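Me: I have a structure open and I'd like to learn how to read it. Can we go through it feature by feature?

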Amino acid sequence: MKNTIKITDGLYYVGGNDRRIPLFESAYPVPRGVTYNSYLLLDEKTVLFDTVDRAVSDEFFENVAGVLGGRPLDYLVLHHMEPDHSASFEGIVSRYPNVKVVVNQKIGTMLKNYFSCPLPELVTVKDGETLCFGKHSFRFVFAPMVHWPEVMMSFDETAGTLFSADAFGTFGALSGSIFADEVDFEKEFLDDARRYYFNIVGKYGVQVQNVLKKAAGLPVKTVCPLHGPVWRKDFGWYLNKYDIWSKYEPEEKGVAVFYATIYGHTKNAAEILGAALAENGVTNVKLYDTSFTHYSVLLAEAFRYSHIVFASPTYNNGIFSSMEHFLSELNAHNYQNRAVSFIENGSWAPQAGKLMREKITALKGMREVGTGVTVLSSVKEDVRENLIGLAKEIANDFRK
């Protein structure tokens, strides 16, 4: 049975929730699930905006048929070709063989790469071009590398609705309401939204800034992303988050301590540092074990805070594996503009501090704070004093 929700006059939500998916894109844990959003407009012409992942295709087809109520489907607009949004394309085309598909040139090429079925008529649009479907006129806004090269958005100039593709999306399934103003978004979704942004889109901050500049001149009233809640109130608050994130600026003033540990001694050093930071008045301190916290969470938290401490034992004359993987992810996602400090451990030839420093200080806008601390196997009193000294140096910089 259909389960659709009216968004504005003539516009309906026809997507679905997937609470069984363990990993999004086979990479990121989604314990709260994810949505696959699709929208259907009833105008003089009927227009479907994107399809969904196969996981929810059965309910999606019921939703589309239910909203159409026997009318033909005239147009399908494809904003993004990733299979979680395009996998049900063949199912739509087989049910509505006369549908016209609105694409840009790159989407058209990807359609042929993904699907072997005969393609229906393609309507290829250019950046800034408009199409009218009756009362509603749509302008197409290209958003390359947010986060694939073919991505575009569309803006309903009549109703003020922006169909934003993967931008402004989030992990997390929806429970009843699809609207951000009907849930506690900051409490329930912000951590997932941050993790979604930095892992999916975060590498492309420059491109996100370009799209934000394009969108700045649009009188947006409603934002319909491909994942997560629909925005119809207070969107400026969320837009500000995207502006901060895409500029690679810290979202919060705080200290995140990321440590790798084998037998607990580096953990002990990290916790001594954390306690000393608190004693020096730094109240926003977070500690993360890189072996037991998924790298997607570590990445989002590293972008979240202003001051970062990396602590790792030396392992096979290098950096311990979980920390090395984390540092590689930071590099791959254009991590930059942070104050950083280092703690190393080594039983006979400590090398981790030197190697971590080389990897991190090579990134753009990184600034080392304090004197790095070396632990020889386990923390002794002199090393404890050095950790307390490092905490004071970080606290002094934190207060500037």
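Me: Let's start with Tyr248: is Tyr248 buried or exposed?

Reply: Buried means under 20% relative accessible area, exposed means over 50%, and partly exposed is in between, with a 1.4 Å probe and protein chains only. Tyr248 is buried, as its relative accessible area is 6%. Bear in mind that this is a predicted model, where local features need pLDDT of at least 70, side-chain atom pairs count only at pLDDT 80 or more, and totals for chains, interfaces and linings use all residues. Residues are numbered from 1 along each chain as its sequence is written, and side-chain values use heavy atoms, with hydrogens and water left out.

Me: Where is Tyr248, and what does Tyr248 contact?

Reply: Helices (H or I, at least four residues) and strands (E, at least two) are DSSP runs, numbered from the N terminus. Tyr248 sits in the loop between α8 (235–246) and β17. Contact means heavy atoms within 4.5 Å. Leaving aside neighbours within four places in sequence, Tyr248 is in contact with residues including Tyr204, Phe303, His333 and Gln336. Gln336 is 88 residues from Tyr248 in sequence, yet their C-alpha atoms are 6.4 Å apart.

Me: How do I get a picture of the whole protein?

Reply: Begin with the overall counts. The protein has 13 helices and 23 strands, and its C-alpha trace spans about 80 × 40 × 35 Å along the principal axes. Of its 400 residues, 57% are buried. Among contacts with a separation of 6 or more, 73% are between residues 24 or more positions apart.

Me: What is a nonpolar core, and which residues touch the most other members of the largest one?

Reply: A nonpolar core is a set of buried Ala, Val, Leu, Ile, Met, Phe, Trp, Tyr and Cys residues joined through side-chain atoms within 4.5 Å. The largest has 114 residues, and Phe258 and Phe310 touch the most other members. Helix α6 (residues 190–201) gives the most to this core, with seven residues. There is also a second, separate core of 27 residues, with Ile272, Val373, Val375 and Ile394 among them. As for Phe258, its contacts beyond four places in sequence include Tyr288, Leu298, Phe310, Met323 and Phe326.

Me: How do I read a helix such as α13?

Reply: An α-helix has 3.6 residues a turn, so residues three or four places apart point the same way. The expected span of a helix is 1.5 Å times one less than its number of residues. Helix α13 (residues 381–399) has 19 residues and reaches 27 Å from its first C-alpha to its last, close to the expected 27 Å. Its buried residues include Val383, Leu387, Leu390, Ala391, Ile394 and Phe398. Among the elements that cover the buried residues of α13 are β17 (252–259), α9, β19 and β21 (339–345).

Me: And how do I find a pocket?

Reply: Rolling a probe the size of a water molecule over the atoms shows where empty space is left. On a 1 Å grid over the protein atoms alone, a cavity is a set of points where a 1.4 Å probe fits but cannot get out, while a pocket is an open set with protein on both sides within 12 Å along at least five of seven lines; lining residues have an atom within 4 Å of a point. Grid points are joined across faces, edges and corners, and a volume is the space filled by probe spheres set on the points. Here the largest pocket holds about 350 Å³. Its lining has 17 residues, of which Ile262, Pro313, Thr314, Gly346 and Ser347 lie nearest the centre. Strand β19 (305–315) and helix α9 (265–279) each supply at least two lining residues, and β19 gives the most, with three.

Me: How many residues of that lining are charged?

Reply: Ala, Val, Leu, Ile, Met, Phe, Trp, Tyr, Cys and Pro count as nonpolar, Asp, Glu, Lys and Arg as charged, and the others, Gly among them, as polar. The lining has no charged residues, with six nonpolar and 11 polar.

Me: What should I look for in the backbone?

Reply: Most residues other than glycine have a negative phi, and most peptide bonds are trans. Glu25 has a positive phi of about 55 degrees, and Ser26 has a positive phi near 55 degrees. Glu25 is partly exposed at 35%, whereas Ser26 is exposed at 67%. For the peptide bonds, look at Val146 and His147: a cis bond joins them, with omega about 5 degrees.
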